[in-house]
Amino acid sequence: MLRPDINDLLTQTGPGTPMGDLFRRYWQPVLHTDELPEDGCPPVRAKILSERLIAVRTPEGEYGLMDEFCAHRGVSLFFGRVEEQGIRCPYHGWKYDANGQAIDVPSELNNSEFCANVKLRSYPLVKVGDILWTYMGDPEKQPPLPTWEFATVPSGQTYTSKRIQESNWLQALEGGIDSSHVTWLHGGGPKGTGLEADPLFAGSRGNKYNAGDVKPFFEVVENEGGLLIGARRNAEEGHYYWRVTPWVLPNFTMVPPRGDHPMHGHFWVPIDDENCWAWSFDYHPTRDLTEAEREAMIAGAGVHSKNIPGTYRPVANSENDYLINREKQKTGEWFSGVEGIAIQDSSLQESMGPIVDRTKERLVATDAGIIKARQKLRRAVEALRDKAEEPVGNVPEHQRIRSVAIVLPADQPFVEGIGDAFQAREGVGQTTV
Amino acid sequence: MAEPVAMSACARAITAEEAAFRIDYPLAYARSTRIVAFDESAEAVMRGIADEPWGQARFYTVNATGEQLVTLDGEAVPMAQEIEHSDSVIMLATNGIKADAVAAVGMAARERAIMTAGLLFVDDGELRGETLMAIRPHARILLVPAEHEDLYQLLVAIRA
Ligand code: FES
Ligand SMILES: [Fe+2]
């Protein structure tokens with residue numbers, strides 16, 4: 001259970017809300033670079049943290065992200081014409097540069113003086129990896145550019161997809177933290193074939209531990225940028241198999257690796273209070289993705305989704321009950337009856353409603369990880385609001401993190417056993433079984 | 001491509017508000033949450049919140065073997081009987097943990113399929129391996145290190 005005021009506090013991210021202010025202290029992914037594929041290409045609508053924005057790439061190659069609506073009479077600049085140095089509103093011809101500054105208002109006699117007073121709200125839009133990121137907060141407080149490993153390895157080693165999810169961001173994040181759902185929702189088939197059926201997970205020794213011990217124990221450990229959530233299962237005599245999921249505030253999680261498969265994770269980015277982007281990435285720290293891996297990712301395997309061509313809406317969505325297959329649900333081939341990890345998650349998280357009423361939950365003791373994460377979020381929000389305390393997670397030290405899968409002696413704290421395997425280190429492979 | 005599922009279509013909400021609709025009726029409290037402090041420092045944390053108006057949670061310390069729980073008023077009661085009808089046992093410990101006691105309680109909970117969670121407070125900053133080993137096998141989920149406030153938040157969240 002969560003008090004209604006705290007549920008509001010954590011779920012509302014629009015301008016001027018406390019959680020919105022927290023989010024505005026982090027670089028967030030906005031677009032894939034493919035969405036603005038070349039200089040002078042058409043603009044793209046982007047809504048993030050309840051702000052409707054337009055992203056442009058000028059003929060000179062400058063990226064810009066600004067208020068979607070023309071200052072004159074509110075026309076959507078989606079219909080604008082990209083011209084040199086900026087974009088022109090098609091209604092009466094006002095023109096803005098990539099920073100939203102009006103640079104030409106043809107109807108006015110004293111053009112330049114008038115222009116000087118017209119500026120659309122704008123934010124930086126910066127390419128790091130295959131992603132365009134924005135920072136929507138106080139420019140004075142702007143943190144260093146993002147250094148997440150998936151975005152900083154060479155392009156051939158990484159792949160990112162996104163899908164729209166019709167739920168508040170916190171429902172999605174909580175799915176990323178709630179490791180205890182994995183054996184259920186993502187389970188299926190006789191003894192772990194669920195994992196073996198996916199080319200992006202198959203063949204790892206970890207899958208056997210998974211199948212051999214379906215009631216994992218959990219340890220939740222404080223970490224500088226957030227939490228580490230360790231799921232342990234029995235391995236060989238006197239040893240445990242650990243799968244460790246890092247959460248970095250506010251909305252970054254990683255899934256523990258399997259074998260030498262690429263490692264993956266998510267950003268859960270609020271679009272508005274009732275929708276979010278599930279960004280899903282897959283990367284290998286030391287080698288290029290194989291053709292087969294990339295094809296599988298594009299086809300929606302692993303953490304990715306099969307989207308309706310030309311959109312970021314999954315083919316299996318709320319309109320068609322996620323194409324639930326009652327036969328496979330019955331036989332247990334797919335435990336939930338829904339195909340694929342991403343849609344298994346989205347189907348259930350969307351089914352809770354756009355913003356789940358957390359006063360009606362019946363949490364249990366083993367939900368302690370989620371309870372702890374909410375508490376940390378709440379504290380970060382309140383500390384920023386009431387004491388102007390700097391948030392964690394927006395600096396390189398907290399972002400150079402990896403998930404880990406490892407077998408350790410039974411008496412070892414996993415943090416100690418794992419050592420610097422949590423650290424993203426250039427040229428060093430992931431720690432995995 | 002889309003297969004309409006006509007039969008339950010009337011349950012599909014139209015607005016966000018409708019989609020969020022839930023029948024409003026009071027929710028039951030958890031059933032007999034037992035909170036057990038396994039050493040003195042943990043007891044101090046527990047006493048700090050025990051006076052809150054909890055629904056049905058009960059708070060205990062424990063003897064060395066774990067066979068006896070001791071209520072906050074100092075009354076000794078048989079452990080097995082006391083947790084019998086509980087749905088969760090929350091274990092609190094610091095480096096002074098009584099290993100035999102936690103094993104006895106943990107085993108009794110497992111036999112009765114009672115959910116367990118552990119909060120390991122590490123106030124002196126150092127987590128010792130034997131402390132971890134004592135509680136690890138018995139708590140389905142372990143917060144390590146736990147903050148004092150985690151206990152209160154956990155009990156509120158589970159409607160204890
Ligand atoms: S509305 Fe854009 S120029 Fe008039
Ligand atoms: Fe999931």
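## Close-up views of a two-chain model

**View 1. Polar contacts link chain B to chain A.** Between chain B and chain A, 19 residue pairs are in polar contact, both residues of each pair being at pLDDT 80 or more. The elements that each give two or more residues to this side of chain B are helix H1 (16-19), strand S6 (115-121), helix H5 (129-135), strand S7 (141-146) and helix H6 (148-157). H6(B) gives the most, with 6 residues. By residue type, the side of chain B that touches chain A divides into 27 nonpolar, 4 polar and 12 charged. Please keep in mind that this is a predicted model.

View 2. In chain B, 43 residues are in contact with 42 residues of chain A. The size of an interface is often given as the accessible area lost when the parts come together. For chain B and chain A the buried area is about 3700 Å², and carbon and sulfur atoms give 56% of that. On the chain B side, B:Arg136, B:Arg140 and B:Ile141 lose the most area to chain A, together 20% of what that side buries. The interface also holds 6 salt bridges. One of them joins A:Lys360 to B:Asp24, with the closest N and O atoms 3.5 Å apart.

**View 3. A strand of each chain, side by side.** Strands of a sheet pair through backbone hydrogen bonds, either parallel or antiparallel. Strand S13 (residues 217-223) of chain A and S7(B) pair in the parallel sense, over 3 bridges. Opposite B:Leu142 in S7(B) stands A:Glu219. Strand S7 of chain B also contains B:Pro145, and a cis peptide bond with omega of about -5 degrees joins B:Val144 to B:Pro145.

View 4. Is A:Lys372 buried or exposed? Its relative accessibility is 4%, under the 20% limit, so A:Lys372 counts as buried. The side chains of A:Lys372 and B:Glu147 are joined by a polar contact of 3.0 Å. Leaving aside neighbours within four places in sequence, A:Lys372 is in contact with A:Val220, A:Glu222 and A:Leu227 in chain A, and with B:Leu143, B:Pro145, B:Glu147 and B:Asp150 in chain B. B:Asp150 is itself one of the buried residues of H6(B), which include B:Leu151, B:Gln153, B:Leu154, B:Leu155 and B:Ala157. After H6(B) comes B:Arg159, whose phi is positive, near 60 degrees.

**View 5. An open sheet in chain A.** Four strands run in the order S2-S3-S4-S9 (chain A), with antiparallel pairing. The edge strands, strand S2 (44-48) and strand S9 (122-123), each pair on one side only. S2(A) and strand S3 (residues 51-57) share 5 bridges, and A:Lys47 has A:Arg52 in S3(A) as its bridge partner. In the loop between S2 and S3 of chain A sits A:Leu49. Phi of A:Leu49 is positive, near 50 degrees, and this leucine is buried, with a relative accessible area of 1%.

**View 6. Backbone details in two loops of chain A.** Most residues other than glycine have a negative phi, and most peptide bonds are trans. A:Tyr322, in the loop between helix H9 (291-298) and helix H10 (326-331), has a positive phi near 60 degrees. A:Tyr322 is buried, with a relative accessible area of 11%. A:Pro250 lies in the loop between strand S15 (239-248) and strand S16 (252-255). The peptide bond from A:Leu249 to A:Pro250 is cis, with omega near -10 degrees.

Methods: Residues are numbered from 1 along each chain as its sequence is written. Chains are lettered from A and ligands numbered from 1 in the order in which they are written. This is a predicted model: local features need pLDDT of at least 70, side-chain atom pairs count only at pLDDT 80 or more; totals for chains, interfaces and linings use all residues. Side-chain values use heavy atoms; hydrogens and water are left out. Contact means heavy atoms within 4.5 Å. Buried area is the accessible area (1.4 Å probe) that two parts lose on being put together, summed over both. A salt bridge is a side-chain nitrogen of Lys or Arg within 4 Å of a carboxyl oxygen of Asp or Glu. A polar contact is a pair of N or O atoms within 3.5 Å; within protein, one must be able to donate a hydrogen and the other to accept it, and residues adjacent in sequence count only if both atoms are side-chain atoms. Ala, Val, Leu, Ile, Met, Phe, Trp, Tyr, Cys and Pro count as nonpolar, Asp, Glu, Lys and Arg as charged, and the others, Gly among them, as polar. Two strands pair if DSSP finds at least two bridges between them. Buried means under 20% relative accessible area, exposed over 50%, partly exposed in between (1.4 Å probe, protein chains only).
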